[in-house]
Amino acid sequence: MSDNRPVKWPLLILAGFCLIPAVWGGLWAWGGDEGGEALGLAVLGFFGAGVVVLVQNAFRRP
């Protein structure tokens with residue numbers, strides 16, 4: 001079964017912009033100096049969750 005669902009491109013572009021700080025937070029969490037791991041995980045979690053929600057909404061039916 002094939003559905004022609006419209007993709008919401010502005011949400012995907014916004015998800016791409018949110019992916020940048022999520023990756024940066026992951027690098028900061030696992031490769032950063034002392035004391036920065038918690039902040040890196042917080043940045044990763046916040047922006048990573050935003051990426052997941054935006055991508056889900058971009059592919060959801062109207």
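Select F46: at 61% relative accessibility this residue counts as exposed, where exposed means over 50% relative accessible area, buried under 20% and partly exposed in between, with a 1.4 Å probe and protein chains only. The model on screen is predicted, so local features need pLDDT of at least 70 and side-chain atom pairs count only at pLDDT 80 or more, while totals for chains, interfaces and linings use all residues. Residues are numbered from 1 along each chain as its sequence is written, and side-chain values use heavy atoms, with hydrogens and water left out.

Next, the helix pair.

Select residues 37-59, which make up helix 2; helices are DSSP runs of H or I with at least four residues, strands are runs of E with at least two, and both are numbered from the N terminus. Helix 2 has 23 residues and spans 33 Å from first C-alpha to last, close to the 33 Å expected at 1.5 Å a residue, the expected span being 1.5 Å times one less than the number of residues. Colour G40, V43, V51, L54 and A58, the buried residues of helix 2. These buried residues pack against helix 1.

Now select residues 9-31, helix 1. Helix 1 has 23 residues and also reaches 33 Å between its first and last C-alpha, close to the expected 33 Å. Its buried residues are L12, A15, C18, P21, A22, G25, G26 and A29, and what covers them includes helix 2.

Show both helices together. Helix 1 and helix 2 pack at an angle of about 160°, their axes 7 Å apart; axes are lines fitted to C-alpha atoms, for helices over the stretch in contact, and angles run from 0 to 180 degrees between N-to-C directions. That makes helix 1 roughly antiparallel to helix 2, a term for angles over 145 degrees, with under 35 roughly parallel, 65 to 115 roughly perpendicular and the rest oblique. The crossing of the two helices is left-handed, meaning that the near helix is turned anticlockwise from the far one by less than a right angle, whereas clockwise would be right-handed.

Next, the aromatic rings.

A search of the whole structure finds two aromatic pairs. Rings of Phe, Tyr and Trp (its six-membered ring) pair if their centres lie within 6.5 Å; planes under 30 degrees apart count as stacked, over 60 as edge-to-face and the rest as tilted. Select W24 and W28: their ring centres are 4.8 Å apart and their planes at 35°, so this pair is tilted. Both lie in helix 1, four residues apart, about one turn of the helix. W24 is partly exposed at 47% relative accessible area, and W28 is partly exposed at 24%.

F47 counts as partly exposed, at 27% relative accessibility.

Select W30, in helix 1, an exposed residue at 65% relative accessibility. Leaving aside neighbours within four places in sequence, W30 is in contact with L41 and L44, contact meaning heavy atoms within 4.5 Å. W30 and L41 are 11 residues apart in sequence and 8.7 Å apart in space, C-alpha to C-alpha.

Finish at G32, in the loop between helix 1 and helix 2. G32 is partly exposed, at 31% relative accessibility. Not counting residues up to four places away in sequence, G32 touches L27 and E37.
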